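This report describes one protein model for a reader who is new to protein structure. Please look at the sequence and the structure before reading on.

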Amino acid sequence: MAALAVVSAVGTAADDRVLVGAPIWFKPLKFSVSFVLYGLTLAWLLGRSPARSRTGWWAGTAVAVTGAVEMAVIVGQTVRGRRSHFNFATPLDQALFAIMGVTIVVLWLATLVIALLQFRRGQGADPAATWAVRLGVLIALAGLALGGLMLAPTPEQQAAAAHGVREIVGAHSVGVPDGGPAMPLTGWSTTGGDLRIPHFVGMHALQLLPLFLFGLDALGRRIPRLRTERVRLRLVLVAAGFLTGLLALITWQALRGQPLIHPDAPTLGALAALLTATALGTLAALRAPTRPYDETAETAARPQELTA
């Protein structure tokens with residue numbers, strides 16, 4: 001996948017073709033980078049288990065294989081100059097999109113198995129690390145599942161299907177056609193809702209919560225309270241709550257056909273409420289009574305837990 005990301009980057013620079021309003025190699029580039037991050041994180045999760053698990057091995061293999069198959073379809077369609085997603089224009093295009101549908105279902109189920117393995121795993125030396133992983137996987141599963149919202153045909157597609165025209169079924173934009181004005185780098189719509197945003201945010205909670213915990217450990221070198229077990233665990237729970245609320249908020253925003261960068265008053269109000277709740281939760285976590293702090297015991301156990 002890393003090599004494919006490099007190839008896609010070169011293709012983006014060298015190939016001037018445009019597909020659905022974006023450089024044709026932009027989608028393979030984004031997907032290959034995303035799969036690299038996703039695969040490395042899942043490998044780290046499986047490596048945290050003290051003993052090898054046959055079930056975990058099969059789940060990890062399923063993720064690797066399905067990711068490779070999906071990228072093969074995306075790259076193959078890119079070379080052909082065809083859309084990989086939502087494309088029903090020809091029997092071949094339809095079959096390839098159906099294959100991608102199967103791969104994402106298998107990938108989701110394999111990720112679910114890995115999540116269940118994390119819950120079967122003991123609490124370990126550091127409950128904060130354990131719950132950062134568990135909750136990160138659960139939010140990632142929700143983000144993956146939200147991708148299914150893109151499969152619903154738009155009103156225009158439904159009208160075309162009524163007249164026997166069924167070339168494109170599904171879209172990532174809401175309220176506007178795919179391929180319109182978009183944000184740089186991400187390609188997210190700036191004129192309508194975009195269901196790729198919650199899909200992306202939820203999926204990468206898998207990295208965000210563990211990274212948040214690493215950030216707490218870095219700050220803990222200067223702030224002793226952040227090295228306290230109960231405080232760290234409560235802050236992880238607050239962060240997971242914030243990500244869950246944010247995922248719900250941006251999904252609601254996208255479904256209303258609203259661009260991420262142009263929120264209306266209800267969206268801003270909901271965001272303010274979420275930030276206020278997060279701030280109050282953070283203060284409560286920091287001010288909560290804690291057990292006497294034992295720096296030697298905690299700092300000796302934590303790095304082993306996080307880097308296992």
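## An exposed loop residue

Leu185 has a relative accessible area of 75% and is exposed. Exposed stands for over 50% relative accessible area, buried for under 20%, and partly exposed for values in between, using a 1.4 Å probe and protein chains only. Leu185 sits in the loop between β3 (173-174) and β4 (193-194). Its phi is near 70 degrees, a positive value in a residue other than glycine.

## Basis of the model

The model is predicted, and local features need pLDDT of at least 70, side-chain atom pairs count only at pLDDT 80 or more, and totals for chains, interfaces and linings use all residues. Residues are numbered from 1 along each chain as its sequence is written, and side-chain values use heavy atoms, with hydrogens and water left out.

## The whole protein

The protein contains 11 helices and 4 strands. These are DSSP runs numbered from the N terminus: helices are H or I with at least four residues, and strands are E with at least two. Of the 308 residues in the protein, 43% are buried.

Among contacts (heavy atoms within 4.5 Å) with a separation of 6 or more, 69% are between residues 24 or more positions apart. The protein has an accessible surface of about 15400 Å², and carbon and sulfur atoms account for 70% of that surface. Such areas come from the Shrake-Rupley method with a 1.4 Å probe; for residues, only the protein chains shown count as cover.

In soluble globular proteins, nonpolar side chains tend to be buried together. A nonpolar core is a set of buried Ala, Val, Leu, Ile, Met, Phe, Trp, Tyr and Cys residues joined through side-chain atoms within 4.5 Å. The largest one here has 34 residues, and Tyr38, Leu42, Leu45, Val137 and Leu206 have the most contacts inside it. At least two residues of this core come from each of α2 (26-47), α3 (54-80), α4 (91-120) and α5 (127-146). α4 gives the largest share, 7 residues.

Setting aside residues up to four places away in sequence, Leu45 touches Ile114, Gln118, Val133, Val137 and Leu206. A second, separate core has 19 residues, including Ala128, Leu146, Leu209 and Leu235.

## How α4 and α5 pack

The axes of α4 and α5 come within 10 Å and cross at roughly 160 degrees. Axes are lines fitted to C-alpha atoms, for helices over the stretch in contact, and angles run from 0 to 180 degrees between N-to-C directions. α4 and α5 are therefore roughly antiparallel to each other, a term for angles over 145 degrees. Residues that meet across this pair include Trp108 and Phe119 in α4, and Trp131 and Leu141 in α5.

## Buried loop residues

Which residues does Phe88 touch, not counting residues up to four places away in sequence? They are Gln94, Phe97, Arg166, Glu167 and Val169. Phe88 is in the loop between α3 and α4 and is buried, with a relative accessible area of 15%. Phe88 and Arg166 are 78 residues apart in sequence, yet 6.5 Å apart in space, C-alpha to C-alpha.

Phe86 also has its place in the loop between α3 and α4, and it is buried at 4% relative accessibility. The phi of Phe86 is near 65 degrees, a positive value in a residue other than glycine.

His204 is in the loop between α7 (196-203) and α8 (205-220). With a relative accessible area of 7%, His204 is buried. Ser34 and Leu37 touch His204, not counting residues up to four places away in sequence.

Note on methods:
Parallel < 35°, antiparallel > 145°, perpendicular 65-115°, else oblique.
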